[in-house]
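Subject: Structure handover

Hello,

Here is the structure I promised you. Please open it and keep it beside this email as you read.

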Amino acid sequence: MRTDDDGVVIQRGKRPGDPYMVTVNCPDKTGLGCDICRTVLEFGLHVTKGDVSTDGIWCYVVLWVSPQPYTPNVRWANLKECLLSICPPCSSLLYLNQYSPSTPTSSIYLLTFCCVDRRGLLHDVTKFLCEFELSIERVKVTTTPDGRVLDLFFIKDNLELLDVKEKQEEICERLRVVLGDSCIRCELKLAGPDFEKLQYISALSPSVAYELFGCELSEHEGRYIQALSSDVRKLKEASVVMDNFLSPAHTLLQISCIDHKGFLYDIMRTLKDNNIKIAYGRFSEANKGQRELDLFVLHKDGKKILDPEKQAALCSRLKAELLHPLRVIISNRGPDTELLVANPVELSGRGRPRVFYDVTYSLKALGICIFSAEIGRHSAGDREWEVYKFLLDENCSHELTSVVCRNHIVDRVRRTLMGWW
């Protein structure tokens, strides 16, 4: 069920280049802010400023958003449709105590195609899927010795259009155009048990797991950061402070962090996973690349956050997510070179949007071919991670054994993921 169409309003900026204003006005639920920010990020949009307020029953969210430089043309009507789908129905107000919000589920489809390999192929397919609002859930890409690729894409139909056979055939036909004459076979159908078989990635070595999932920047990543990016070094600059004296009814959460793509999503998903509700919040445009946010928050039960241990745990988790929202390393897999990217999964089971798109975009821009690719889950500590593994083609023009080259690859991938240009 959905709210009325006026529950989501999208307005174009007054001048060319100005941000669009997205307004969501609907019944409240814990985690709604996270779901909104996730959808905005899924469409390749960056939040420039925002305003959030709720009385615990009804909420009003205004976000000013801008497309990323390399984002495909945004289908604003589809964005509105997706935002409406996550809003609780107005009828839920009649049954406030009985209504149990849930994350909308969509069918998983398996897209299989075989074609002759070429540079940038994987990103071209990923871009095509994003243009149709088809989210990539799992991937298994292999290259044969004769230069052919067999790709398995498990995709989620966010707009629920693929249940019509004609639409499935249309997607395949359009993809054949993207693949060109090299396309040998293309098929789209509902996913079966194969989706569950690819739930978890192949085993990671202890050293690689330590680098990817450690709470702090690993020594290996620290060397990349010191070697190349002055702005990446600012990842160490983040502050999270909690105050219970300014407001008699709410806990004030003051956050200062470097601006990056998805920063608001990182904050909102952390609050959602910890059952924290936002009563009011406002933030302005970034100042010299730095974000300042004031959020008035409550426990899900409507009480302030008074327990010192819970305060410390929440501040620590928020700071960790803002310091290190995505992990990027290069490692050796035998004689081969492997790029690995990891991000934490929401407790709801949803991974971060558009990571595969950003990584394949970066590798294509660098002229690096991908020999094989895989997306899966990995459990480490008390949480689940989504891991992206790319086996890089040693036959490309780059010297992948060179430390400088590896540093450059990691730096470029991270910059794209973080939205730094």
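First, a definition. Two rings of Phe, Tyr or Trp (its six-membered ring) count as a pair if their centres lie within 6.5 Å. Please note that this is a predicted model.

**Aromatic pairs**

How many aromatic pairs does a search of the whole structure find? The search finds 9.

Take Phe-128 and Phe-132. Their ring centres are 5.0 Å apart. Their planes meet at 50 degrees, so this pair is tilted. The stacked label needs planes under 30 degrees apart, and edge-to-face needs over 60. Both Phe-128 and Phe-132 are buried.

Now look at Phe-356 and Phe-390. This pair is stacked. The centres are 5.5 Å apart, with 25 degrees between the planes. Phe-356 sits in helix α10, while Phe-390 sits in strand β16 (residues 383-392). The pair therefore ties together parts that are 34 residues apart in sequence.

The cut-off for buried is under 20%.

Phe-356 and Phe-390 also belong to one aromatic cluster, together with Phe-113, Phe-153 and Tyr-388.

**Helix α10**

Helix α10 covers residues 355-366.

Just after α10 comes Gly-367, which takes a positive phi of about 75 degrees.

**Charges over rings**

Elsewhere, Lys-49 lies over the face of Trp-64, at 4.7 Å from the ring centre.

**Two packed helices**

Last, find helix α8 (residues 263-273) and helix α9 (residues 308-323). They pack with their axes 10 Å apart. The angle between them is about 150 degrees. That makes α8 roughly antiparallel to α9, because angles over 145 degrees count as such. The crossing of α8 past α9 is right-handed.

Best wishes

Definitions and conventions:
Residues are numbered from 1 along each chain as its sequence is written. This is a predicted model: local features need pLDDT of at least 70, side-chain atom pairs count only at pLDDT 80 or more; totals for chains, interfaces and linings use all residues. Side-chain values use heavy atoms; hydrogens and water are left out. Helices (H or I, at least four residues) and strands (E, at least two) are DSSP runs, numbered from the N terminus. The expected span of a helix is 1.5 Å times one less than its number of residues. Buried means under 20% relative accessible area, exposed over 50%, partly exposed in between (1.4 Å probe, protein chains only). A charge sits over a ring if NZ of Lys or CZ of Arg is within 6 Å of the ring centre and within 35 degrees of the ring normal. Axes are lines fitted to C-alpha atoms, for helices over the stretch in contact, and angles run from 0 to 180 degrees between N-to-C directions. Angles under 35 degrees count as roughly parallel, over 145 as roughly antiparallel, 65 to 115 as roughly perpendicular and the rest as oblique. A crossing is left-handed if the near helix is turned anticlockwise from the far one by less than a right angle, and right-handed if clockwise.
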